[in-house]
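Thanks for coming. I have one model to walk through today, so please look at the screen first.

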Amino acid sequence: MIVNDYVGGGGVKAIGDIIQAIVANGESVNAGEFVGLLNSINAGAQIFDVPGLPNPAMAASVAQLNDTTVIITSQMNGGMLGCAVVLKIIDGVFSLGTPVVIETTKNFDEIKVARINQTTAIVISNKNNMYSEKGRIKALSVSGTSITVGSFTEFGAGNSLTDVCYLSENKACILYRDSFLAVVTLTGATTLSIGNDLILTGGNLYRGRITALTPTDVVVSASNWETNHDDQAKIRVWKCTVTGTNVSQNTYSDITTLYGAQSKSIVPIGGQRVAVYAASSGPECDLRLFVCDVTNSSVSVLQQRVIASPTKYYPGAELAIYSSRRLFVGAYTDENNALYVQSYELSAVGIFPNIPVVVGSTADYPYAVGFIALSETKYVLIYPMTASPYLRLLSIDLSKTAGVWNSNNYVTVGMAKNKGDFGSQINVYVPK
């Protein structure tokens, strides 16, 4: 059966990129036929437990320094200890260094890490009761699988969450107290300096997340709890500009209102667009994905979709994207502590989720998971566990399954370049 049109109109012309797909069970596809494409998830081709960690983990954060090197940080022992370890990925093979302690002070709520150059990461922690609730940043210099931990630089974090994003070589931007922004510069091998801070406009902000579109364009998402977190709260998105070591606010907009709304993750998806992963903790109790267009004068929602709806709130949610194909991969936990991975694809007519796959159990729900995109088809998920081994790495491989398209089965549309039966590989044209 040849489909002459599809949702959104206009059909699919035989121009654009060519991808490979496997013909699905029970399907047969002819050349020139419109086909549906579904991402199949193969999780756990490699499962790697981080050895030598001293305590149960609560949260994980990851940063990719270069093509072969990833640094992983973990908050452990109820916020009493922070550790880091280097992951090497060479020709698809994982190898780990020895974990090192990077934070030994008490009662910090969160620890986040980001690349600042090809051999160095910046790590940020907050709410340090031993030091009058000052936040701390450190540089982590990597050589092979060894880590050199720099001395800390303090800032006024207070009792709130923090985040950090890469701007350019030796330059990053930190978000602290959920509404304060500052530029951080690496001035030596592990020496950091902090520029002037900016206070974002907008109410009682919580759980802020930050990303960069360019070295000078920063976007922040946060929850705006105008009364308390049990009431209807807004997800607010800001556009800011970095000039030298200063940050200025351009504009902001509320993109949704949810019961107990929390901003979980924000990633750039090319040009002026970002994807925002948000969760509600009330009656809706769902996870939503928003695609936003962000300029110096406006923030607008282009598309949105409910991704998951468990029966109770889950805090562990993260998002990775391979931007050249507008392909998202997300991870989240449900009420039974099952850990899911799901892929989503962005087209002109909407956000299309593929079937979620259970990839493991967290033993207890994680406060945060880490996710990195290595290529369009290969991802790595890092998630904490309260039982030994405390921190686990999981490879996530995606492959395309193809079949004759109709509006009820596959989520992405292409045109078959050649004929194929069940199990055979075909080439498929997909629109750019």
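A word on the source. This is a predicted model, in which local features need pLDDT of at least 70 and side-chain atom pairs count only at pLDDT 80 or more, while totals for chains, interfaces and linings use all residues. Residues are numbered from 1 along each chain as its sequence is written, and side-chain values use heavy atoms, with hydrogens and water left out.

Let me start with the cores. By nonpolar core I mean a set of buried Ala, Val, Leu, Ile, Met, Phe, Trp, Tyr and Cys residues joined through side-chain atoms within 4.5 Å. Buried is under 20% relative accessible area, exposed is over 50%, and partly exposed is in between, with a 1.4 Å probe and protein chains only. The largest core has 21 residues, and Ile-72, Leu-87 and Ile-382 touch the most other members. Two or more residues each come from β4 (57–64), β5 (69–76), β6 (81–90), β7 (93–96), β33 (378–384) and β34 (391–404). Of these, β6 gives the largest share, five residues. For the labels, strands are DSSP runs of E with at least two residues, helices are runs of H or I with at least four, and both are numbered from the N terminus.

What does Leu-87 touch? Leaving out residues up to four places away in sequence, its partners are Thr-68, Thr-69, Val-70, Ile-72, Phe-94, Ser-95, Leu-96, Val-380 and Leu-393. Contact here means heavy atoms within 4.5 Å. Another core, of 19 residues, lies apart from the largest one and includes Val-291, Phe-328, Ala-338 and Tyr-340.

Now the sheets. Strands of a sheet pair through backbone hydrogen bonds, either parallel or antiparallel. I call two strands paired if DSSP finds at least two bridges between them.

Strand β23 (residues 262–268) is mostly covered, with six of its seven residues buried. Six bridges join β23 to β24 (residues 273–279). In that pairing, Gln-262 stands opposite Ala-279, and Ser-263 opposite Ala-278. The hairpin of β23 and β24 has four residues between the strands, and Gly-270 takes a positive phi near 105° there.

Next, the rings. How many aromatic pairs does a search of the whole structure find? It finds four. Rings of Phe, Tyr and Trp (its six-membered ring) pair if their centres lie within 6.5 Å; planes under 30 degrees apart are stacked, over 60 edge-to-face, and the rest tilted. Phe-48 and Phe-94 are a tilted pair, because their centres are 6.4 Å apart and their planes are at 40°. Phe-48 is in β3 (residues 34–49) and Phe-94 in β7, so the pair ties together parts 46 residues apart in sequence. Phe-48 is partly exposed at 25% relative accessible area, whereas Phe-94 is buried at 7%. Phe-371 and Tyr-379 form an edge-to-face pair, 6.3 Å centre to centre with 80° between the planes, and both are buried.

Arg-115 lies over the face of Tyr-166 at 4.5 Å from the ring centre. The charged end of Arg-136 is over Phe-152, 3.7 Å from the centre of the ring.

Arg-115 also turns up among the contacts of Thr-120, along with Leu-65 and Ala-139. Thr-120 lies in β10 (residues 120–125) and is buried, with a relative accessible area of 2%.

Last, Thr-386, in the loop between β33 and β34. Thr-386 is partly exposed, at 35%. Its C-alpha is separated by 8.2 Å from that of Asn-55, 331 residues apart along the chain.

Methods: Lys NZ or Arg CZ within 6 Å of the ring centre and 35° of its normal.
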